[in-house]
Amino acid sequence: MDGFWQVLGEAAGLILAWDSDLIEIVGLSLRVTLTAVAISCVIGLPLGAAVGAFRFPGRTAAIVVLNSLMGLPPVVVGLMAYLMLSAAGPLGPLQLLYTPAAMIIAQTILVTPLIAALSRQVVEDCYREYAEQFDSLGVGPLDRAAALLWDARYSLLTVALAGFGRAVAEVGAVIIVGGNINHVTRVMTTTIALETSKGNLELALALGVVLLALAVAVNGAVMALRASAVRMAYA
Amino acid sequence: MPEAAFDMAAPAPPMTADAPALLSARGLCFDAGGKRLVDGIDIDIRPGRRTVVMGANGAGKSLLLRLLHGLIRPTAGEVLWQGRPLDRDGRLGQAMVFQRPVLLRRSVLANLRFALAVRGLPGPERRAREAEAMERSRLGDLANRPARVLSGGEQQRLAVVRALACRPRVLFLDEPTASLDPGSTHAIERLVADAHESGVAIVLVTHDTGQARRLGDDLVFLHGGRVVEAGHAANLLDAPRSEAARAWLQGRLYLESPSPEA
């Protein structure tokens with residue numbers, strides 16, 4: 001048990017000393033994941049709104065596919081992205097493999113279905129309330145989708161934060177396409193995996209603490225958003 | 001098809017009773033779950049007239065309103081708007097206020113703006129109508145408040161002025177004051193009366209006979225999805241001819257199936 005407390009103390013020391021390796025790794029993690037989540041929102045939110053608010057042939061199948069893709073195993077996503085980005089793959093000429101861009105692509109593939117599926121549910125619930133009023137006012141399809149996205153904005157922010165949580169914590173996808181190269185593609189989760197296997201537990205645990213703190217911060221943000229939405233009767 | 005054919009203006013009330021119908025329904029039927037809920041209704045709504053629709057719960061009042069507004073498709077029969085089948089463009093000449101106001105998760109003013117913006121009104125015209133509606137509703141102080149934190153009466157007032165800001169020729173109201181206090185009810189009734197004075201035809205579903213007298217020119221009484229009696233509102237309320245209307249006005253439960261002849 002002494003060993004554990006000693007490691008924890010050294011990990012705290014790394015965080016408090018603002019260790020440059022630690023900062024670099026956390027910074028890259030945030031850059032990759034925030035970019036991936038932003039791209040996922042640009043694709044996933046309109047997709048979710050369209051499936052949630054419109055009736056079209058194959059809609060049920062689309063919902064089943066979206067919901068299934070929500071649970072995509074990160075390593076499978078990593079493998080698919082690897083095949084696309086590797087020299088022989090369709091995106092090979094871009095030479096993105098083992099770069100942060102490759103990690104962003106992999107995480108985008110991972111998170112977009114989650115955001116689309118959750119926002120579909122959110123938008124559909126909102127639409128159930130608005131549908132007759134929209135019909136009555138003669139609201140066109142584009143205005144409908146835009147209005148639903150705007151009116152569900154608080155719930156959709158929660159959806160985006162859920163996407164962030166999934167992306168920042170996954171290791172399987174980024175380690176395959178990123179390669180965990182020191183100072184290039186090393187993010188929190190891949191570093192934890194590597195350093196633990198090397199027995200370098202201080203850095204691993206320090207990053208673990210940062211990841212946990214991020215999880216707490218994200219959940220705190222969700223709660224605060226919910227509270228303010230409820231106060232304004234926007235929830 | 002049962003004949004419940006009634007010309008709304010049969011007793012020849014004054015004013016625009018002879019004008020061609022703005023909105024007509026012919027042989028309107030609506031089925032759901034294997035049941036006929038609206039059964040062969042013929043009705044004419046004339047410009048500027050106020051028509052009250054009454055009847056017990058389940059008589060088909062709300063369904064009739066939704067059919068006339070084109071929110072649901074009739075199983076049989078048709079709705080004519082100015083002589084032509086009702087379509088989306090026709091619906092833009094109508095507006096509806098629901099029993100529970102449906103307000104967007106935005107400010108009071110943004111709710112008005114949305115309704116006007118989706119019609120593609122140019123900026124200056126839109127702002128003028130917004131200002132007029134804010135004044136009419138006396139919600140000016142609350143313009144930037146989230147609409148959904150307003151009181152029930154204020155919310156319904158906003159829903160009514162939002163509907164009227166679209167300048168409809170017909171305004172449908174589905175029990176708009178069912179859960180409101182007398183003060184709020186009065187405010188809604190005044191808005192409706194003002195709209196009528198400016199020439200808007202009113203179709204109002206209500207359970208309140210006092211409101212029917214205050215706001216109604218014509219009255220249609222429904223039972224079992226059919227029109228069992230129609231005529232001048234005051235006359236019908238004073239001397240109902242059909243058993244269903246008589247029973248309802250006396251507060252009795254009327255359980256017999258409707259007869260084809262009122």
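Reader: What does A:Met70 touch, once residues up to four places away in sequence are not counted?

Author: In this predicted model, A:Met70 touches A:Pro113, A:Leu114 and A:Ala117. The C-alpha atoms of A:Met70 and A:Leu118 are 8.8 Å apart in space, although the two residues are 48 residues apart in sequence. A:Met70 itself is found in the loop between helix H3 (59-69) and helix H4 (74-85) of chain A.

Reader: Why is A:Met70 called partly exposed?

Author: A:Met70 has 16 C-beta neighbours inside 10 Å. Burial requires 20 or more, and exposure 12 or fewer. The count of 16 lies in between, and therefore A:Met70 counts as partly exposed.

Reader: Why does A:Val37 count as buried?

Author: The count for A:Val37 is 27 C-beta neighbours inside 10 Å. Since the cut-off for burial is 20 or more, A:Val37 counts as buried. The place of this residue is in helix H2 of chain A.

Reader: What does A:Val37 touch, not counting residues up to four places away in sequence?

Author: A:Val37 touches A:Val111, A:Ala160, A:Gly163, A:Phe164 and A:Ala167.

Reader: What describes the packing of helix H2 of chain A with helix H5 of chain A?

Author: Two packed helices are described by the angle between their axes and the distance between the axes. For H2 (residues 20-53) and H5 (residues 100-137) of chain A, the angle is about 35° and the axes are 5 Å apart. H2(A) passes H5(A) in a right-handed crossing. By class, the residues of this contact are 21 nonpolar, ten polar and three charged.

Reader: Which elements make up chain A?

Author: Chain A has ten helices and zero strands. Of its 235 residues, 40% count as buried. Among contacts in chain A between residues at least 6 apart in sequence, 79% join residues at least 24 apart. The C-alpha trace spans about 70 × 50 × 25 Å along its principal axes.

Reader: Which residues of helix H9 of chain A are buried, and what do they pack against?

Author: The buried residues of H9 (residues 188-198) of chain A are A:Met188, A:Thr189, A:Thr190, A:Thr191 and A:Ile192. They pack against H2, helix H7 (153-169), helix H8 (172-178) and helix H10 (201-231) of chain A. Just after H9(A), A:Gly199 takes a positive phi of about 85°.

Reader: What makes helix H3 of chain B mostly covered?

Author: Eight of the ten residues of H3(B) are buried. These are B:Val108, B:Leu109, B:Asn111, B:Leu112, B:Arg113, B:Phe114, B:Ala115 and B:Leu116. They pack against H5 and helix H6 (141-151) of chain A, together with helix H4 (123-137) and helix H5 (152-165) of chain B.

Reader: How many residues of chain B are in contact with chain A?

Author: In chain B, 19 residues are in contact with 16 residues of chain A. Helix H2 (88-91), strand S6 (94-97) and helix H3 (108-117) of chain B are the elements that give two or more residues to the side of chain B that touches chain A. That side has twelve nonpolar, one polar and six charged residues.

Reader: Which domains are assigned to chain B, and how many residues of each are in contact with the other?

Author: The domain assignment gives domain 1 (1-93 + 169-262) and domain 2 (105-167) of chain B. Their centres, taken over C-alpha atoms, are separated by 27 Å. Twelve residues of domain 1 of chain B are in contact with ten residues of domain 2 of chain B. Helix H6 (residues 182-197) of chain B gives six residues, the largest share of the side of domain 1 that touches domain 2. That side of domain 1 divides into eight nonpolar, three polar and one charged residue.

Reader: Which residues have the most contacts inside the largest nonpolar core?

Author: The largest nonpolar core has 139 residues, and those with the most contacts inside it are A:Ala106, A:Leu148, A:Val177, B:Leu171, B:Leu219 and B:Phe221. The largest share of this core, 20 residues, comes from H5(A). Domain 1 and domain 2 of chain B each give at least three residues to this core. Leaving aside neighbours within four places in sequence, A:Leu148 is in contact with A:Ala49, A:Ala53, A:Val123, A:Cys126 and A:Tyr127.

Terms used: Residues are numbered from 1 along each chain as its sequence is written. Chains are lettered from A and ligands numbered from 1 in the order in which they are written. This is a predicted model: local features need pLDDT of at least 70, side-chain atom pairs count only at pLDDT 80 or more; totals for chains, interfaces and linings use all residues. Two residues are in contact if their C-beta atoms, placed from the backbone, lie within 7 Å. Helices (H or I, at least four residues) and strands (E, at least two) are DSSP runs, numbered from the N terminus. Ala, Val, Leu, Ile, Met, Phe, Trp, Tyr, Cys and Pro count as nonpolar, Asp, Glu, Lys and Arg as charged, and the others, Gly among them, as polar. Domain bounds come from an automatic or database domain assignment. Axes are lines fitted to C-alpha atoms, for helices over the stretch in contact, and angles run from 0 to 180 degrees between N-to-C directions. A crossing is left-handed if the near helix is turned anticlockwise from the far one by less than a right angle, and right-handed if clockwise. A nonpolar core is a set of buried Ala, Val, Leu, Ile, Met, Phe, Trp, Tyr and Cys residues joined through C-beta atoms within 7 Å.
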